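Student: Hi, I've got a model open and I'm a bit lost. Could you walk me through it?

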Amino acid sequence: GMKRIIYALFDQKTAYKVIFTIKECNHIFGQYIIGKALDSLIIGIICFVLMCILHLQYALLISIIVGITNMIPYFGPFIGAIPGLIILLIISPKQALIFLILIFLLQQFDGNILGPKILGNSTGVSSFGVLFSILLFGGLCGFVGMIIAVPLMAVIIHIYNQIQEYLLSKKSLSIKEEDYVNLKRIDEQNGEYKKHGDEQ
C-alpha cells in the first residue's frame, strides 16, 4: 500500500530512491533491535545463572529487570541494577555488595566482548551520537525513547547522508568525504579539488 502511494506521488526514479531509502532504514532499525534483544537475553540468562551460583535471592526477578534494561546502551545495566540493589540491600548488605560487583563485571563483559560481537558497528553512530540520542529521545519519549534512540539516530544520519549525496550529485560534485578533507576551493573550469598545501 505504501509503495502504491509513493509511486502515485513521485516519478519512477524518485519513487525507487524513496523506497530504497526506507528499506535501508528498516534494515538498520531491525538489525539493531534484534541484535540488542539477543544481547540482552544472553546477559539476563548469565545474570540469572551467576546469581543462582552465588545464592543471591530473587535471582529470576532481578535477572529479568537487568535483561530488559540492558536494551538501553551505556546506562541500561546500571538502571537495571538499582531495583535489584535496593531489594538485596533490604535482605542483606553482603548480598547487595556481591550483586553490585556482579553487575559491574557483566557490564564490562557486555560492553567489551559480547555487545561488539553481536552488534559490531551495525549503526555507524559515534559514542557521542549514542549518548546524545539516549538523552534526547529518553527525555522526549521516556524508557521507550531510550531503547529506540540509537537506531533512530542511525536512521536520521542515513537519511541526512542520502540527501547530502543527492544535492552534491545534482551539482556534479564528489560525494566522497575524503575529497573535502583540507579542501580550499574547487576549480570550476576543470573540476579539480584544490587543498591546503597544494602548489598554486
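Predicted model: local features only at pLDDT ≥ 70, side-chain atom pairs only at ≥ 80, totals over all residues.

Student: Okay! At what angle do α3 and α4 pack?

Tutor: Helix α3 (residues 59–69) and helix α4 (residues 76–91) pack at about 160°, and their axes are 7 Å apart. Helices are DSSP runs (H or I, at least four residues), numbered from the N terminus. Axes are lines fitted to C-alpha atoms over the stretch in contact, and angles run from 0 to 180 degrees between N-to-C directions.

Student: And what does that make α3 relative to α4?

Tutor: That angle makes α3 roughly antiparallel to α4 (the word is used for angles over 145 degrees).

Student: Which residues make the contact?

Tutor: On α3 they are Leu61, Ile62, Ile65, Val66 and Thr69. Among those on α4 are Gly76, Pro77, Ile79 and Ile87. Contact means heavy atoms within 4.5 Å.

Student: How many of them are nonpolar, polar or charged?

Tutor: The contact of α3 with α4 has nine nonpolar, four polar and no charged residues. Ala, Val, Leu, Ile, Met, Phe, Trp, Tyr, Cys and Pro count as nonpolar, Asp, Glu, Lys and Arg as charged, and the others, Gly among them, as polar.

Student: New topic: how many cavities of 30 Å³ or more are there?

Tutor: The structure holds one. A cavity is a set of points on a 1 Å grid, over the protein atoms alone, where a 1.4 Å probe fits but cannot get out. The largest cavity has a volume of about 40 Å³, where a volume is the space filled by probe spheres set on the points, which are joined across faces, edges and corners.

Student: What lines the largest cavity?

Tutor: Its lining is Ile43, Val66, Asn70, Pro77, Ile103, Leu106, Gln107 and Asp110; lining residues have an atom within 4 Å of a point. Val66 and Pro77 also belong to the contact of α3 and α4.

Student: Which helix gives the most to that lining?

Tutor: Helix α5 (residues 93–119), with four residues. By class, the lining of the largest cavity divides into five nonpolar, two polar and one charged.

Student: Last one: where do α1 and α2 touch?

Tutor: Lys3, Ile6 and Tyr7 in α1 meet residues in α2 including Gln12, Ala15 and Tyr16.

Definitions and conventions
Residues numbered from 1 in each chain as written. Heavy atoms only, no water. Helix = DSSP H or I, 4+ residues; strand = E, 2+ residues; numbered from the N terminus. Parallel < 35°, antiparallel > 145°, perpendicular 65-115°, else oblique. 1 Å grid on protein atoms, 1.4 Å probe; cavity = no way out; pocket = protein on both sides within 12 Å on 5 of 7 lines; lining within 4 Å.
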